[in-house]
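Good morning, and thank you for coming. Please look at the model on the screen while I go through a few of its features.

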Amino acid sequence: LSHNIIRHRKVQKICNCNYEGKMHNCCILCKTCEEREIMRIKNVLSAVIPMALAVALVTGCGAKNGESANSAASKTASVTSSAKSSSTEAKDNKTSTASSSASTGSASSSSTAMASFPITMKHAYGETVIKSKPERVVTLDWNNADAVLALGIVPVGTARANWGPVTDKGLLPWTEAKFKELGTENPNVFNDLEGYDYEAVAAAKPDIIVAPYSGMDEKAYKRLSEIAPTLPFRETAWKTTWREQTVEAAEALGLKSEGEKLVSDTDAFIKENLAKYPNLANKSVAMCYINTADLSSFSVYRTADPRGAYLTDLGFTFPEKVEAQAKDKNAFYVQISSELAVDALSDTDIIITYGDDKTVAALKKDAIFSKIPAVKEGRVVVLDSNGNLAAACNPSVLSIKAELVNYLDAINAVVK
């Protein structure tokens, strides 16, 4: 073993001569090795001193051209430091390399330059370690592609949309538009409406699989993790808000600050547009799923669900009497029997439901639903199941920009 002095920590070393077979501190050598070390240092100094003098001469000339003596000394110190750094241990070298890589990242913002890998992301099934900055990103489940695209990153594979105005390419309009904006006309969209297409995911050769808003079970998580590091939901399936979705996806890609800025900018966009609808302030709204073919019961999405949470983002309140019906406080919706409908929705100013052009008429004809104040007075917003708002009411950072004004217009139209 060599006698190179290890800086900043003490290590036990064996002398080159194995003097009496003893262990010596790295800074304490036997006499024979001490003499060798002195000779080695002399040889090094004999080479370094002329170089230092030459540098000093050059920097001195620079000082004559406007540089100060301090600047020249600084350059000399820099050369000396560089020479020393070349002999540091692998640990120091790794730290230096990581810092250099971060500072030369392709993104322009300073936050990207400071991104440090590995990154550990905690979630419902434990934690995922992302060892280096992902270049090839796959997104699965609802809206997760939007969060990645909004960061300026094109997924190498993404889930097919299963609700709303799905385009010929299998995407929602704002998602497809963002792919095109980023230069991708024909994105790789998986045929995964019946479940994850593991072979197609693997064929995309991802560095990471992003799905913070999902219902991914543990079995699927483990299988996907064999393909690439996988990010599922943090705590509960299908309860990740658009803000959490955006920031978690960004963090996994080493772009957390960019994700936070996207959220901040989107919040500002929401606030700016809400100011144009003063008569919507403090209205109570219930986002429902009502099947007019079977009115024996209906469901209301609670604020634990992104659809309900989005309405609170827009300044609406959640009806207290509806919340009182929630027996499972962890559930993202509450199911209510029709016998309780009138009382449960009596303090609801506006009802929003999926449906079609026949939905309101069907509710007004029903013996029970026709007695609900919001139904009786026409304060029901119907979201066409194949329309933009049916998808955009479960928001993403892209859909909000695309459809917020249309959503507010639709709600405002029924307010008396």
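Predicted model: local features only at pLDDT ≥ 70, side-chain atom pairs only at ≥ 80, totals over all residues.

**A hairpin, a sheet and a helix**

Strands E3 and E4 form a hairpin, with 2 residues between them. Helices (H or I, at least four residues) and strands (E, at least two) are DSSP runs, numbered from the N terminus. E3 covers residues 119-123 and E4 covers residues 126-130; these strands run antiparallel and are joined by 5 bridges. Two strands pair if DSSP finds at least two bridges between them.

Residues are numbered from 1 along each chain as its sequence is written, and side-chain values use heavy atoms, with hydrogens and water left out.

How confident is the predictor, on average, over the chain? The average pLDDT, the predictor's confidence in each residue from 0 to 100, is 81 for the chain, and 73% of the residues score at least 70. Over residues 1-34, however, the pLDDT is below 50, and this stretch has 47 contacts beyond near neighbours in sequence. Residues 50-112 also have a pLDDT below 50, with 30 such contacts in the model. Contact means heavy atoms within 4.5 Å.

Let us turn to the sheet. An open sheet of 5 strands has the order E11-E10-E9-E12-E13, and its pairing is mixed. Its edge strands, each pairing on one side only, are E11 (333-337) and E13 (380-384). On average, neighbouring strands of this sheet are turned by 30° against each other, direction ignored. Axes are lines fitted to C-alpha atoms, for helices over the stretch in contact, and angles run from 0 to 180 degrees between N-to-C directions.

Inside the sheet, E9 (residues 285-289) and E10 (residues 297-301) run antiparallel and are joined by 2 bridges. Tyr289 has Ser299 in E10 as its bridge partner. Helix H11 (residues 306-313) lies across E9, E10 and E12 (350-355), and runs at about 160° to E9.

Finally, which residues of helix H9 are buried? Buried means under 20% relative accessible area, exposed over 50%, and partly exposed in between (1.4 Å probe, protein chains only). In H9 (residues 242-252), 9 of the 11 residues are buried, among them Trp242, Gln245 and Val247. Gly254 follows H9 and has a positive phi, near 75°.
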